[in-house]
Amino acid sequence: MTTLQVELGIRSYPIYIDSGLLSNSDLLSSHIRSKRVCIISNDIVSPLYADVIKNSLVDFEVDEIILPDGEAEKSLANFERIMSHLLAGNHGRDTTLLALGGGVVGDITGFSAACYQRGIDFIQVPTTVLSQVDSSVGGKTAVNHPLGKNMIGAFYQPKAVIIDISTLSTLPVRELNAGIAEVIKYGILGDSQFFTWLEQNIDGIKNGNNETLAYMIERCCQCKADIVAADETEAGVRALLNLGHTFGHAIEADQGYGKWLHGEAVSTGMVLAAKLAVAMNLLEVSDLRRIEALLSAFDLPLVAPENMGFEEFICHMRRDKKNLAGKLRFILPTAIGQSEINDDVTEELLQQIL
């Protein structure tokens with residue numbers, strides 16, 4: 001088992017990576033401070049893995065909230081449903097929430113933990129590539145609003161992240177590929193050697209080789225942990241993790257949450273950011289082509305929806321959380337393995353790119 005640490009002082013916590021961790025009762029129970037646990041999952045993941053968790057926690061009082069699957073379910077309505085369930089079940093401040101699922105489940109569980117009785121413990125048990133390499137680490141929690149993705153949330157750290165890579169065996173190919181977009185993001189923004197490794201290991205990733213997947217997940221988690229330790233609340237360097245997300249979140253909000261998977265929108269967003277960087281003479285065209293080729297190898301989209309033009313994009317971008325003093329800010333790649341925060345993008349140039 002690989003163990004990493006997110007160093008945040010008293011809020012520090014471990015990330016465990018291995019196969020078969022869902023049945024490791026000692027590991028699970030070591031991060032639960034009372035006998036009450038509430039699993040939050042969805043109707044796809046729960047039938048596959050909830051019983052394994054429950055069997056690992058036979059000495060605990062465990063109940064479960066099962067949400068419908070999909071990005072559209074990361075909503076205020078489901079947040080209220082979780083609050084009502086916890087209150088009706090007389091859950092106290094010593095209850096631990098356990099997020100069993102992908103990014104949607106992890107985000108809404110974390111936000112619920114941050115809010116219920118002003119803060120209770122939660123554990124991330126991510127079951128998708130996207131959540132294992134990115135969203136489960138770092139304490140960003142949120143729900144969506146029709147006017148913007150992740151606009152209602154909090155920075156709230158879990159007690160542990162338990163990554164059982166064997167759960168990826170049941171992940172649909174489209175979901176796996178969408179998660180790889182976030183993996184590729186780490187290579188583009190700050191790790192050229194990792195980007196090259198990804199180019200060289202496409203087949204191993206696609207074939208689900210356990211050693212390949214474990215190394216890939218560990219590399220991403222270490223990068224995320226280092227950045228979060230340096231900038232927990234995104235005051236500076238952590239914003240680089242939003243590479244592709246300014247465009248990507250606009251696509252998700254405009255098209256309707258769930259029609260484009262998050263990773264698919266981020267893939268297109270990273271290509272648009274790279275094209276913007278090329279137009280500003282910040283990035284070589286050859287690097288743009290490498291980015292496009294690696295994303296294409298995982299059948300990820302490179303082009304924005306046909307029904308989205310400049311006006312649709314700019315409407316959503318003006319609500320982006322990175323903006324300061326009304327000025328648009330973008331994360332732009334300047335080379336494979338390098339990126340920067342840039343607020344010199346004019347709307348005229350943006351219109352040309354879009």
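Tutor: A helix here is a DSSP run of H or I with at least four residues, and helices are numbered from the N terminus. The model is predicted. The helix to look at is α13, and Ile 314 lies in it. Is Ile 314 buried or exposed? Buried means under 20% relative accessible area. Ile 314 has 0% relative accessibility, so it counts as buried. Setting aside neighbours within four places in sequence, Ile 314 is in contact with Leu 328, Glu 347 and Leu 350.

Next come the rings. A search of the whole structure finds six aromatic pairs. One of them joins Phe 247 and Phe 313 in an edge-to-face arrangement, with 6.1 Å between centres and 70° between planes. This pair links distant parts of the chain, since Phe 313 is in helix α13 (residues 310-317) and Phe 247 is in helix α10 (residues 245-255), 66 residues apart. Phe 247 counts as buried because its relative accessibility is 1%. Phe 313 also has 1% relative accessibility, and therefore counts as buried.

Phe 247 also forms a tilted aromatic pair with Phe 330, at 5.5 Å centre to centre and 35° between the planes. That pair, too, links distant parts of the chain: Phe 247 in helix α10 and Phe 330 in strand β10 (residues 330-335) are 83 residues apart. Both Phe 247 and Phe 330 are buried.

Phe 194, Trp 197 and Tyr 215 form one aromatic cluster. The axes of helix α7 (residues 192-200) and helix α9 (residues 210-230) come within 12 Å and cross at roughly 160°. An angle over 145 degrees counts as roughly antiparallel, so α7 is roughly antiparallel to α9. The crossing of α7 past α9 is left-handed.

Two lysines complete the account of the rings. The charged end of Lys 185 sits over the ring of Tyr 186, 4.9 Å from its centre. Lys 206 lies over the face of Phe 298, at 5.9 Å from the ring centre.

Notes:
Residues are numbered from 1 along each chain as its sequence is written. This is a predicted model: local features need pLDDT of at least 70, side-chain atom pairs count only at pLDDT 80 or more; totals for chains, interfaces and linings use all residues. Side-chain values use heavy atoms; hydrogens and water are left out. Rings of Phe, Tyr and Trp (its six-membered ring) pair if their centres lie within 6.5 Å; planes under 30 degrees apart count as stacked, over 60 as edge-to-face and the rest as tilted. Helices (H or I, at least four residues) and strands (E, at least two) are DSSP runs, numbered from the N terminus. Buried means under 20% relative accessible area, exposed over 50%, partly exposed in between (1.4 Å probe, protein chains only). A charge sits over a ring if NZ of Lys or CZ of Arg is within 6 Å of the ring centre and within 35 degrees of the ring normal. Axes are lines fitted to C-alpha atoms, for helices over the stretch in contact, and angles run from 0 to 180 degrees between N-to-C directions. Angles under 35 degrees count as roughly parallel, over 145 as roughly antiparallel, 65 to 115 as roughly perpendicular and the rest as oblique. A crossing is left-handed if the near helix is turned anticlockwise from the far one by less than a right angle, and right-handed if clockwise. Contact means heavy atoms within 4.5 Å.
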